[in-house]
Number of protein chains: 2
Amino acid sequence: MHEKMIKKLTANVDFRVTKQRKKILDVLISQDQHLLAQNIYEILREEDSKVGLATVYRTLDLFEESGIIKKRKFNGDSAYYEINDEHHGNHHHLICKSCGAVIEVDELLPEDIEERLEEEEGFQVEDLCLQMYGYCENCQKNSDE
Amino acid sequence: MHEKMIKKLTANVDFRVTKQRKKILDVLISQDQHLLAQNIYEILREEDSKVGLATVYRTLDLFEESGIIKKRKFNGDSAYYEINDEHHGNHHHLICKSCGAVIEVDELLPEDIEERLEEEEGFQVEDLCLQMYGYCENCQKNSDE
DNA sequence: CTACATGCAAATCATTTGCTTGGCA
DNA sequence: TGCCAAGCAAATGATTTGCATGTAG
């Protein structure tokens with residue numbers, strides 16, 4: 001259990017930090033990557049810890065509202081969740097249309113993009129999300145055959 | 001019916017251009033904005049033209065595979081579809097977390113972003129999608145009260 | 001103690017599929 | 001006149017909700 005990290009992330013929340021919620025957060029921290037609700041559910045179930053799938057969803061919603069995690073939908077049906085803190089910095093996702101792989105890439109955007117939108121459109125940006133769909137290295141090779 | 005535009009968009013496709021498919025494409029052209037499958041279904045139903053919802057979905061899939069339209073999921077559950085041609089240029093979406101409004105903004109990204117990814121990651125980008133979540137002008141005002 | 005959280009099962013919503021009938025090439 | 005497409009109804013899969021019970025503060 002990443003007790004310290006969990007404490008830090010939940011320092012200012014207005015909900016109870018129960019053992020289920022800690023475990024779910026712990027999985028997100030340990031895996032350190034985008035996960036489906038289903039993934040989290042299965043990982044917990046392989047341990048002693050059985051948490052209901054409904055609880056996983058309710059908890060992820062709660063975490064998202066508090067800004068602890070980010071929720072991402074790629075074009076498929078299900079949502080991915082990932083920790084949102086400075087150490088995990090801003091990154092973007094490449095999604096392979098052929099094999100479905102999701103690859104993370106570092107920040108690519110101009111620094112001033114959020115400010116520009118606030119000035120030009122009066123829109124207050126809280127969260128920014130860049131996704132690119134295409135073909136990963138492997139799938140490009142395989143389609144040559 | 002935007003016959004000319006429809007002909008142009010379907011010039012090189014390998015499926016039949018039936019009257020239902022024309023009508024669906026026509027709605028997308030006329031409305032000239034992101035629409036839900038449900039929206040298209042309802043618009044057609046108000047006209048003489050009754051097209052089944054399943055047909056709408058099947059057709060949208062087909063159009064997307066052919067590159068005629070783009071499919072976009074914002075964090076909600078349902079997908080939006082919009083015409084994909086040069087005249088509708090690259091644009092991005094601002095999504096208001098409070099009222100749900102979806103606002104289009106013009107291209108903001110550096111020109112070379114796709115090439116950089118191809119060089120640096122070996123990933124071949126076909127489609128790029130930038131979404132920003134936050135609060136629109138109106139909702140900022142209203143929350144001041 | 002008591003309000004808030006969990007677990008399970010049932011409900012919901014968008015989307016997909018099976019299958020029969022219709023219609024374009 | 002053979003295939004692909006449409007329409008409807010039923011199936012699916014992710015997510016949500018109702019409700020009785022458990023538990024953190």
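**Salt bridges between the chains.** I counted a salt bridge when a side-chain nitrogen of Lys or Arg lies within 4 Å of a carboxyl oxygen of Asp or Glu. With that rule I found that the side chains of Lys97(B) and Glu126(A) form one, at 3.5 Å from N to O. Glu126(B) and Lys97(A) also meet in a salt bridge, at 3.5 Å from N to O. I placed Glu126(B) in strand 6 of chain B and Lys97(A) in the loop between strand 4 and strand 5 of chain A, so this pair joins two chains. Helices (H or I, at least four residues) and strands (E, at least two) are DSSP runs, numbered from the N terminus.

**Ground rules.** I kept in mind that this is a predicted model, where local features need pLDDT of at least 70 and side-chain atom pairs count only at pLDDT 80 or more, while totals for chains, interfaces and linings use all residues. Residues are numbered from 1 along each chain as its sequence is written, chains are lettered from A and ligands numbered from 1 in the order in which they are written, and side-chain values use heavy atoms, with hydrogens and water left out.

**The interface.** How many residues of chain B are in contact with chain A? I got 38, and they touch 38 residues of chain A; contact here means heavy atoms within 4.5 Å. The two chains bury about 3200 Å² between them, 58% of it on carbon and sulfur atoms. Buried area is the accessible area (1.4 Å probe) that two parts lose on being put together, summed over both. In chain B, Lys73(B), Asn75(B) and Phe123(B) lose the most area to chain A, together 20% of what that side buries.

**Inside chain B.** I looked at Asp127(B) next. Asp127(B) forms a salt bridge with Lys70(B), the closest N and O atoms being 3.5 Å apart. Asp127(B) lies in strand 6 and Lys70(B) in strand 2 of chain B, so the pair ties together parts that are 57 residues apart in sequence. Asp127(B) also has a salt bridge with Arg72(B), at 3.0 Å from N to O. Both Asp127(B) and Arg72(B) are buried, where buried means under 20% relative accessible area, exposed over 50%, and partly exposed in between (1.4 Å probe, protein chains only).

**Cysteines.** I searched the whole structure and found 0 disulfides over all chains, a disulfide being a pair of cysteine sulfur atoms within 2.5 Å. For Cys99(A), the nearest cysteine sulfur is that of Cys139(A), 3.7 Å away. For Cys129(A), the nearest is that of Cys129(B), at 6.6 Å. Cys129(A) is buried, with a relative accessible area of 3%.

**Annotated site.** Which residues does the UniProt annotation "binding site" cover? The unreviewed entry lists His88(A) and Glu111(A); UniProt positions are given in the numbering used here, feature names are shortened, and annotations may be inferred rather than shown by experiment. I found His88(A) in the loop between strand 3 (79-83) and strand 4 (91-96) of chain A. His88(A) is partly exposed at 23% relative accessible area, whereas Glu111(A) is exposed at 76%.
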